[in-house]
Amino acid sequence: MYYENLAKKLNNPLLQTKTYWSILKTFYNENKILQIPPVWVDNKFVTDMRSKANIFNNFFAEQCTPLKNDSQLPLNQMYLTHSRLASLEFNEDEILKIISALNTHKAQGDDDISIRMIKICDEALLKPLILLFKESTKASHYPDIWKRSNIIPVHKKNDKQLAKNYRPISLLPIFGKIFEKIIFNKIYHFLLEENLLTPNQSGFRPSDSCVNQLLAITHEIFAAFDCNPSLEVRSVFLDISKAFDKVWHEGLLYKIKSMHISGELYKLLENYLSGRFQRVLLNGQTSYWKPILAGVPQGSILGPLLFLIYINDLPNELKSNAKPFADDASLFTIVNDNNVSADILNNDLLLISQWKMIFNPDPTKPAQEVLFSKKKKSQSHPTISLNNIQVEGVPYQKHLL
């Protein structure tokens with residue numbers, strides 16, 4: 001009867017494409033067990049599943065370490081608003097709404113409490129959760145069990161036998177995510193009300209998208225073309241390597257405080273970032289737990305918002321027009337004077353390179369420049385460089401794809 005019902009669904013012409021392929025895979029009985037070939041490390045192949053899990057965990061944990069450079073925090077704390085956010089409020093309706101929106105197809109975290117079970121118990125959980133959230137906020141302590149994430153390696157590109165060609169997918173406890181969602185709602189609404197988020201940032205923001213940013217960039221380019229005489233636009237496209245993994249905690253907390261997030265909420269966020277651990281799961285085998293020393297938790301609710309706060313002031317410090325989208329960024333300058341435009345871009349690229357983040361370290365994906373022009377014969381422009389490497393000039397760029 002089960003398969004007959006699935007077959008009837010396949011015959012429905014109104015069936016959505018995603019559901020169609022999901023049902024088809026059920027008939028194919030595709031093997032969903034994660035298949036990772038022997039991993040090449042130290043000039044030998046490793047086949048044991050637990051050993052492979054530890055290799056992946058060591059590699060992923062190494063990425064979550066702060067960069068060592070000369071970056072220092074200002075001695076005096078600056079505040080961007082007179083308003084202050086210092087506490088949280090909890091109510092049953094909000095928590096019930098968050099539980100109702102949970103996707104039962106998502107995996108649970110290290111505590112093995114499934115979303116399906118949480119949904120079954122929804123109203124019975126409200127008072128205990130509110131009590132737990134209140135006590136956690138009052139003590140400025142985010143529960144340690146919610147700081148532990150299970151990691152699933154997912155292949156990105158190239159050789160499957162090298163750990164560096166995989167990215168980590170984090171599975172966190174669901175109760176922690178519910179708590180994070182409440183914190184997220186409070187902070188995000190505060191930042192919007194106080195107009196603290198740069199309008200140039202389009203990533204991770206509701207009602208914004210890469211399409212909006214591409215339209216804004218295109219509009220500025222054509223506005224330069226419409227000048228009399230027509231002007232050229234120099235643009236540099238950048239990529240932040242391991243953006244989420246390299247967030248400097250001290251710098252992030254300074255920027256959180258600069259937005260006047262203080263009191264028990266600030267202390268809770270401080271504790272939220274510390275004492276985090278991860279392990280890798282491979283076909284039922286687990287690695288050892290490894291500490292996380294930098295970055296914002298991937299797979300979390302708060303992670304993207306904290307990353308936005310961390311890079312929020314990037315456009316404000318630059319003289320060129322910066323358009324960040326999550327971990328991608330583009331710099332634009334309208335060319336009124338060739339030398340002045342080159343100086344602006346070089347100074348901005350130097351300022352960017354002094355952040356505790358790595359921009360375009362991958363030789364296969366270097367920083368690239370596109371010169372937008374309507375002129376039949378463009379003038380020569382001075383070279384620009386990032387990290388003492390000349391920025392490559394290309395005829396076009398696939399941005400945000």
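The legends below describe close-up views of a predicted model.

Residues are numbered from 1 along each chain as its sequence is written, and side-chain values use heavy atoms, with hydrogens and water left out. Because the model is predicted, local features need pLDDT of at least 70 and side-chain atom pairs count only at pLDDT 80 or more, while totals for chains, interfaces and linings use all residues.

**Figure 1. The whole protein.** The protein has 13 helices and 15 strands. Helices (H or I, at least four residues) and strands (E, at least two) are DSSP runs, numbered from the N terminus. Of the 401 residues, 44% are buried. Buried means under 20% relative accessible area, exposed means over 50%, and partly exposed lies in between, with a 1.4 Å probe and protein chains only. Contact means heavy atoms within 4.5 Å. Among contacts between residues at least 6 apart in sequence, 76% join residues at least 24 apart.

**Figure 2. Helices α9 and α10.** Two packed helices are described by the angle between their axes and the distance between the axes. Here α9 (residues 249–258) and α10 (residues 263–273) pack at an angle of about 165°, and their axes are 11 Å apart. That angle makes α9 roughly antiparallel to α10. Angles under 35 degrees count as roughly parallel, over 145 as roughly antiparallel, 65 to 115 as roughly perpendicular and the rest as oblique. Axes are lines fitted to C-alpha atoms, for helices over the stretch in contact, and angles run from 0 to 180 degrees between N-to-C directions. The crossing of the two helices is right-handed; a crossing is right-handed if the near helix is turned clockwise from the far one by less than a right angle, and left-handed if anticlockwise.

**Figure 3. The contact between α9 and α10.** From α9, the residues His249, Leu252, Leu253, Ile256 and Lys257 meet Tyr266, Leu269, Glu270 and Leu273 of α10. The residues of this contact divide into six nonpolar, one polar and two charged. Ala, Val, Leu, Ile, Met, Phe, Trp, Tyr, Cys and Pro count as nonpolar, Asp, Glu, Lys and Arg as charged, and the others, Gly among them, as polar.

Figure 4. Helix α9 is mostly covered, with eight of its ten residues buried. The buried residues are His249, Gly251, Leu252, Leu253, Tyr254, Lys255, Ile256 and Ser258. Their cover includes α10 and α11 (302–311). Just after α9, His260 takes a positive phi of about 65°.

**Figure 5. Aromatic rings.** A search of the whole structure finds 17 aromatic pairs. In one of them, the rings of Tyr20 and Trp21 have their centres 5.6 Å apart and their planes at 90°, so the pair is edge-to-face. Rings of Phe, Tyr and Trp (its six-membered ring) pair if their centres lie within 6.5 Å; planes under 30 degrees apart count as stacked, over 60 as edge-to-face and the rest as tilted. Tyr20 is partly exposed, with a relative accessible area of 33%, and Trp21 is partly exposed at 46% relative accessibility. Elsewhere, ring pairs link Phe90, Phe133, Tyr142, Trp146, Phe179 and Tyr272 into a cluster.

**Figure 6. Thr47 in a loop.** Thr47 sits in the loop between β2 (44–46) and α3 (49–63). Its relative accessibility is 57%, so Thr47 counts as exposed. Not counting residues up to four places away in sequence, Thr47 touches Pro38 and Lys52. Pro37 is ten residues from Thr47 along the chain, and the C-alpha atoms of the two are separated by 7.5 Å.

**Figure 7. Asp122 in helix α6.** Asp122 belongs to helix α6 (residues 122–138). At 23% relative accessibility, Asp122 counts as partly exposed. Leaving aside neighbours within four places in sequence, Asp122 is in contact with Leu96 and Ile99. Asp122 and Leu96 are 26 residues apart along the chain, and their C-alpha atoms are separated by 6.7 Å.

Figure 8. In the loop between β1 (39–41) and β2 lies Asn43, which has a positive phi of about 60° although it is not a glycine. Asn43 counts as exposed, at 68% relative accessibility. Asn158, in the loop between β3 (148–155) and β4 (166–171), has a positive phi near 60° and is a residue other than glycine. At 59% relative accessibility, Asn158 counts as exposed. Pro229 lies in the loop between α8 (210–225) and β5 (232–241), and the peptide bond from Asn228 to Pro229 is cis, with omega near 5°.
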